[in-house]
Amino acid sequence: MGRVAPKVKVLEEFLKHNNELLALVGKGEYAIGTHERFEISKKHLKEFLLFKFNLEDMEFRDLNYEFIKDYEFYLKTVKSCNNNTALKYITNFRKIVRRAIDKEIIKEDPFKKFTGKKTKTKKKPLTAVELHKIENHIFSTPRLTVIRDVFIFQCYTGLAYIDAFQLKKEDIKIGIDGEYWIMSDRQKTESETNIPLLPKALEIIKKYKDHPLCISRGSVLPVKSNQKMNAYLKEITDLCGLNIILNTHKARRTFGSTVTLNNDVPIHVVKEMLGHSSVKQTEEYAITEQQTISRKMIELREKLDKKSSFNFENPLLILEKLEKEILDLRKHLASSI
């Protein structure tokens with residue numbers, strides 16, 4: 001492999017990238033979660049170098065296809081990562097390598113022949129029954145009540161964790177219909193967010209308007225860190241007796257499917273509320289519940305019954321009319337003889 005700057009090492013460049021990213025987090029260009037993910041990726045790579053080569057760092061010139069495949073194998077075996085998680089860490093590492101290529105630290109891409117294919121997973125939203133159970137459970141600790149309320153707020157607004165965390169009081173505005181809306185920009189895509197507030201979401205906003213954390217931050221909700229949210233949601237799952245994996249993103253999927261699409265909100269409207277760039281993204285959320293399938297089939301049966309009834313009634317009416325005409329004709333003929 002050709003090289004221009006042989007002394008530049010992988011973890012050094014990784015650290016430089018992460019430090020720059022952290023500085024941009026402070027400017028609002030990235031979410032802190034993005035920096036955390038790259039830090040974990042760097043940590044895994046560092047541990048791999050010690051495990052495989054007993055090295056603290058490695059020069060970019062020593063990277064090749066075999067290194068990439070060995071790292072993938074290490075993540076899946078030693079670190080027990082599933083295929084998709086391993087690919088996420090490799091993708092983050094790949095970004096550092098591409099950065100090195102752009103900076104002319106190396107000339108050839110060690111990832112050139114590497115192909116990783118994501119395993120397609122079905123990420124289910126909460127069903128209406130599960131949502132109702134979580135929504136109405138009474139918790140003995142305020143800590144879990146707050147976490148539950150924030151999660152339910154996400155279920156009824158479709159906000160991602162970072163957008164719920166950053167939601168300010170000035171983002172709640174009166175829409176053209178005279179009702180309250182969320183009008184802000186999404187952190188991830190910088191696209192506009194325009195979401196009419198449903199009664200449950202408004203109820204939660206009102207509940208926490210005087211919360212000390214909301215007052216000090218100027219925020220709408222007392223949202224904890226994403227890590228704490230997900231940890232506490234596991235407790236909530238157990239206490240509600242649900243055999244599901246609960247995390248902050250499931251709330252967004254629940255809004256996109258159970259709350260909106262399953263209640264006949266058109267998919268193009270849901271797309272706008274979720275801030276998706278295409279309907280194809282929204283279609284991934286469109287998991288239809290049995291309840292919705294049942295409702296639609298009942299509607300279909302009613303339509304078919306009406307159609308069937310119409311088709312059978314018409315011939316009978318025609319026959320009755322013919323019989324009456326024949327009878328009238330006979331009477332007429334009889335009277336004329």
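**Figure 1. Overall view of the predicted model.** Of the contacts in the protein (heavy atoms within 4.5 Å) that have a separation of 6 or more, 63% are accounted for by residues 24 or more positions apart. This is a predicted model, in which local features need pLDDT of at least 70 and side-chain atom pairs count only at pLDDT 80 or more, while totals for chains, interfaces and linings use all residues. Residues are numbered from 1 along each chain as its sequence is written, and side-chain values use heavy atoms, with hydrogens and water left out. The protein has 14 helices and three strands, where helices (H or I, at least four residues) and strands (E, at least two) are DSSP runs numbered from the N terminus. Buried residues (under 20% relative accessible area, against over 50% for exposed and in between for partly exposed, with a 1.4 Å probe and protein chains only) make up 39% of the 337 residues. The protein exposes about 20,900 Å², and carbon and sulfur atoms supply 55% of this area, as computed by the Shrake-Rupley method with a 1.4 Å probe, with only the protein chains shown counting as cover for residues.

**Figure 2. Close-up of the salt bridge between glutamate 13 and arginine 99.** The structure holds 16 salt bridges, each being a side-chain nitrogen of Lys or Arg within 4 Å of a carboxyl oxygen of Asp or Glu. In the one formed by glutamate 13 with arginine 99, the closest N and O atoms are 2.7 Å apart. Glutamate 13 lies in helix H1 and arginine 99 in helix H4, so the pair ties together parts that are 86 residues apart in sequence. Glutamate 13 counts as buried at 2% relative accessibility, and arginine 99 also counts as buried, at 17%. Both residues belong to a network of salt bridges that links Glu13, Glu20, Arg99 and Lys103.

Figure 3. The side chain of glutamate 72 meets that of lysine 69 in a salt bridge of 2.9 Å, N to O, and the two residues lie three residues apart in helix H3, about one turn of the helix. The side chains of glutamate 72 and lysine 76 meet in a salt bridge of 3.4 Å, N to O; because these two are four residues apart in helix H3, they are separated by about one helical turn. Glutamate 72 counts as buried at 9% relative accessibility, whereas lysine 69 is partly exposed with a relative accessible area of 32% and lysine 76 is partly exposed with 33%.

Figure 4. Asparagine 18 lies in helix H1 (residues 10-25) and, at 0% relative accessibility, counts as buried. Leaving aside neighbours within four places in sequence, asparagine 18 is in contact with His35, Phe38, Glu39 and Lys42. Aspartate 57 is found in the loop between helix H2 (32-53) and H3, and counts as buried at 16% relative accessibility. With neighbours within four places in sequence again set aside, the contacts of aspartate 57 are Lys9, Val10, Leu11, Glu12 and Leu49. Aspartate 57 and valine 10 are 47 residues apart in sequence and 6.6 Å apart in space, C-alpha to C-alpha.

Figure 5. Most residues other than glycine have a negative phi. Serine 80, although not a glycine, has a positive phi of about 55°; this residue is placed in the loop between helix H3 (65-77) and H4 and counts as exposed at 61% relative accessibility. Aspartate 264 has a phi near 70°, a positive value in a residue other than glycine. Its place is in the loop between helix H11 (248-260) and helix H12 (267-274), where aspartate 264 is partly exposed, with a relative accessible area of 44%.

Figure 6. Glutamate 284 has its place in the loop between helix H13 (279-283) and H14, and counts as exposed at 53% relative accessibility. Glutamate 284 and lysine 123 are 161 residues apart in sequence and 8.7 Å apart in space, C-alpha to C-alpha.
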